Amino acid sequence: AKDQAREQVITVLSVVAVLLLSAMSMSASIKRKAVEPLQRMILTVDQVMENPLRPLRARARTASTHEAAQVEQALVKFGSLLQIGFGEAGAKVIHHHMKSGCLDDQLPGRITHAIFGFCD
């Protein structure tokens, strides 16, 4: 009876150890493949919100998945297109709308004086 109880305790402890190791391994993998890329994307959006004219760069995709890296690169490209399309005058608009959290197309506009020059 004591031998059988000892075997059951050893079995339970080994199962618990395997479950703990599996959970720790899974947690590290999820953090590396999902949480860290999402945090980098949120940081990129925050940078655009603070200063819409700041140059954007995609972070190195050392441990993230291929899909997460593609989404991050697309986000950087979208931000760069916003910067090119809106320019200096539109940076204030982007900053204002991203800071408020919503896009209100009924807000009154602003008059901006600009000089445009093109070179071939």
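The model is predicted: local features need pLDDT of at least 70, side-chain atom pairs count only at pLDDT 80 or more, and totals for chains, interfaces and linings use all residues. Residues are numbered from 1 along each chain as its sequence is written, and side-chain values use heavy atoms, with hydrogens and water left out.

**Overall fold**

The chain holds two helices and zero strands. Helices are DSSP runs of H or I with at least four residues, strands are runs of E with at least two, and both are numbered from the N terminus. Of the 120 residues, 16% are buried. Buried means under 20% relative accessible area, exposed means over 50%, and partly exposed lies in between (1.4 Å probe, protein chains only). Take the contacts between residues at least 6 apart in sequence: 57% of them join residues at least 24 apart. A contact means heavy atoms within 4.5 Å. The chain exposes about 10,000 Å², and carbon and sulfur atoms supply 63% of that area. Accessible areas come from the Shrake-Rupley method with a 1.4 Å probe; for residues, only the protein chains shown count as cover.

**Helix α1**

Helix α1 covers residues 2-50, which is 49 residues. From first C-alpha to last, α1 reaches 68 Å, close to the 72 Å expected at 1.5 Å a residue. The expected span is 1.5 Å times one less than the number of residues. A kink of about 40° is centred on Lys31. The bend at a residue is the angle between axes fitted to the seven residues ending there and the seven starting there.

Buried residues in α1 are Pro37, Arg40, Met41, Thr44, Gln47 and Val48. Gln47 counts as buried because its relative accessibility is 18%. Gln47 and Gly79 are 32 residues apart in sequence, and their C-alpha atoms are 10.0 Å apart in space.

Val12, Val16 and Leu20 make a nonpolar surface patch of about 260 Å². Patches use residues with over 30% relative accessible area and no salt bridge; like charges are joined within 9 Å, and nonpolar side chains (Val, Leu, Ile, Met, Phe, Trp, Tyr) within 5 Å. Val16 lies in α1 and is partly exposed, at 40% relative accessible area.

**Salt bridges**

The whole structure has two salt bridges. A salt bridge is a side-chain nitrogen of Lys or Arg within 4 Å of a carboxyl oxygen of Asp or Glu.

| Pair | N to O distance |
|---|---|
| Arg6 and Asp3 | 3.5 Å |
| Glu72 and Arg40 | 3.3 Å |

Arg6 and Asp3 are three residues apart in α1, so about one helical turn separates them. Both Arg6 and Asp3 are exposed.
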